[in-house]
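Hello,

Here is the structure we talked about, with its sequence. Please look it over first, then read the notes below.

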Amino acid sequence: MVTFFLRIHNGNIAMDKMLDLEWTPTVTMYHKQKEAEYMIYKEFQDLKLSALGMGAMRLPVVDGDDARIDEPAVAEMVAWAMEQGINYYDTAWGYHGGQSELVMGRVLGKYPRQKYYLATKFPGYDLSNMDKVEEIFEKQLEKCGVEYFDFYLFHNVCEMNIDAYLDEKYGILAYLLKQKKAGRIRHLGFSAHGSLEVMKRFLEAYGEHMEFCQIQLNYLDWSFQGAKEKMELVQEYGLPVWVMEPLRGGRLASLEEGHEARLGSLRPQEGIPAWAFRFLQSLPGVTMILSGMSSFPQLKENVATFSQDKLLDDREMKELLAIADEMLGKKTLPCTACRYCTSHCPQQLDIPSLLSLYNEHCFTDGGFIAPMALMAVPEEKQPSACVGCRSCEAVCPQQIKISEAMSDFAAKMQGGGK
């Protein structure tokens, strides 16, 4: 029996009286901390996970060098996070040039192992790793200084690696299931940046062995990257959702003045980053929200947000999604995937899919998603294969200058992705 703060989930009633209670899945739990903060906890099987998890991909660094993590600053942040009730820490093989696992291992190693849950991932984003699952897993345990991982993921299931992930000759799933049986992995899941179709293939093959799924989810990508449909797919398999990129790499931490004013008129006391978290809190099925916090102020602000659920009402949700549409409309092409264009393309290019990747790349000002997806596209189907005949443009209801977009996309890819 533990003493908790109880809050009833109807958006209006809050009971902050100290109660002795047993856990039930119909309540959210708030653990009282030293500095009068509270932390929301979510139920996952027999665990109580802090609703906010600390991501270790954007840790504070020295002199702007991503591979030189400011370890004293990280230790200070983790100490305070522990006090505030954060018990989930997410790292990966490739974060910070391979240094994230090492630093997080040393920092977390100062605490009793049962005080925190540690997650890391098999680096299948690099195809050269596919035949090294045992070597890499053993090295990860060594780097993190632990005997087991609480959570372990297939990292970044996408177009580029789905065939390799599913290829039995590498024995990745078999090896990880063996480690799970041995108690060296407590819970197995996967993260995905790939398309809905890629996720379907993975789940059809491995879904029975997965316990959770981590996707890029925020109010911008709800429609932009089809996060709504991806979340629905995951839930069809009965899996809880882990969220990455809740602020889309910081893009949703601040908005243009007019958009901030509109949100401020609805919730004057709510900070702009908090709106992104409130959106996620309002989605049934979201269990873990990861935030890559790179400074102490960011950590403190996020902990304050996660001191309580403040679910969005219908009006607030509509306004937030309308703002997302306006943000996208200024930097993306209005392709509706009607596919009239594809029947007129002499190269038989999948123009809607290419335009979707082009929009992602332009909106993000670069990034890895489009180049990664194009790695799985044959050369004769790349944007560079467009011959500029403009036959597609003649039937495009949106009057998109498709040939110009393909030319620009090809140039961006040849120029290093910018």
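**Notes on the predicted model**

Histidine 96 sits in the loop that connects strand E9 (88–90) to helix H2 (100–108). Please keep in mind that this is a predicted model. The phi angle of histidine 96 is near 55 degrees, which is a positive value in a residue other than glycine. With a relative accessible area of 2%, histidine 96 is buried. Arginine 248 also has a positive phi, about 50 degrees, and is not a glycine either. That residue, arginine 248, is placed in the loop between E14 and H9. Its relative accessible area is 9%, so arginine 248 counts as buried.

**Strand E15 and its partners**

How many residues of strand E15 are buried? For this strand, residues 286–291, the count is 6 of 6. Strand E6 (residues 52–55) pairs with E15 in the parallel sense, over 3 bridges. In that pairing, leucine 52 stands opposite isoleucine 289 of E15. Strand E14 (residues 241–244) also runs parallel to E15 and is joined to it by 3 bridges. Here tryptophan 242 is opposite methionine 288 of E15.

**Two helices with a buried side**

Helix H9 covers residues 257–266, and its buried residues are His259, Leu263 and Leu266. These cover an arc of only 50 degrees around the axis, so they are on the same side of H9. The face of H9 turned away from the buried side carries the exposed residues Glu257, Ala261 and Ser265. Helix H10 (272–281) and helix H12 (314–329) are among what covers the buried residues of H9.

In helix H6 (residues 196–206), the buried residues are Val198, Met199, Phe202, Leu203 and Tyr206. Seen down the axis of H6, they fall within an arc of 130 degrees, so they line one face of the helix. Which elements do the buried residues of H6 pack against? They pack against several, including strand E11 (149–157), helix H4 (162–166), helix H5 (172–181) and helix H8 (227–236).

**The nonpolar cores**

The largest nonpolar core has 94 residues, and Tyr89, Phe154, Leu176, Phe190 and Leu217 touch the most other members. Helix H1 (residues 71–83) gives this core its largest share, 7 residues. Leaving out residues up to four places away in sequence, tyrosine 89 touches Met54, Val78, Ala81, Met82, Met104, Leu108, Tyr116, Tyr117, Leu118 and Ala119. Apart from this core lies another, of 20 residues, with Cys362, Ala385, Cys392 and Ile400 among them.

Helix H1 also holds glutamate 83. At 29% relative accessibility, glutamate 83 is partly exposed. Between glutamate 83 and tryptophan 222 there are 33 Å in space, C-alpha to C-alpha, and the two are 139 residues apart in sequence.

**Aromatic pairs**

The count of aromatic pairs comes to 25. In one of them, phenylalanine 44 and phenylalanine 212 have ring centres 6.4 Å apart and planes at 85 degrees, so the pair is edge-to-face. This pair links distant parts of the chain, 168 residues apart: phenylalanine 44 is in strand E4 (residues 38–44), and phenylalanine 212 is in the loop between H6 and E13. Are these two residues buried or exposed? Both phenylalanine 44 and phenylalanine 212 are buried.

Phenylalanine 154 and tyrosine 165 form another edge-to-face pair, 5.3 Å centre to centre, with 75 degrees between the planes. Since phenylalanine 154 lies in strand E11 and tyrosine 165 in helix H4, the pair ties together parts that are 11 residues apart in sequence. Phenylalanine 154 is buried at 0% relative accessibility, and tyrosine 165 is buried at 1%. One aromatic cluster is made up of Phe44, Tyr88, Tyr117, Phe151, Phe212 and Trp242.

**Cysteines**

How many disulfides are there? The count comes to 0. For cysteine 335, the nearest cysteine sulfur is that of cysteine 341, 6.3 Å away. A disulfide needs the two sulfur atoms within 2.5 Å, and cysteine 335 is in none. Cysteine 386 is in no disulfide either, and its nearest cysteine sulfur, that of cysteine 392, is 6.2 Å away. Cysteine 335 is partly exposed, at 31% relative accessibility, and cysteine 386 is partly exposed at 26%.

Regards

Technical notes
Residues numbered from 1 in each chain as written. Predicted model: local features only at pLDDT ≥ 70, side-chain atom pairs only at ≥ 80, totals over all residues. Heavy atoms only, no water. Buried < 20%, exposed > 50% of the residue type's maximum accessible area, 1.4 Å probe, protein only. Helix = DSSP H or I, 4+ residues; strand = E, 2+ residues; numbered from the N terminus. Pairing = 2+ DSSP bridges. Core = buried A, V, L, I, M, F, W, Y, C linked by side-chain atoms within 4.5 Å. Contact = heavy atoms within 4.5 Å. Arc of directions from axis to C-beta. Phe/Tyr/Trp six-rings, centres within 6.5 Å; stacked < 30°, edge-to-face > 60°.
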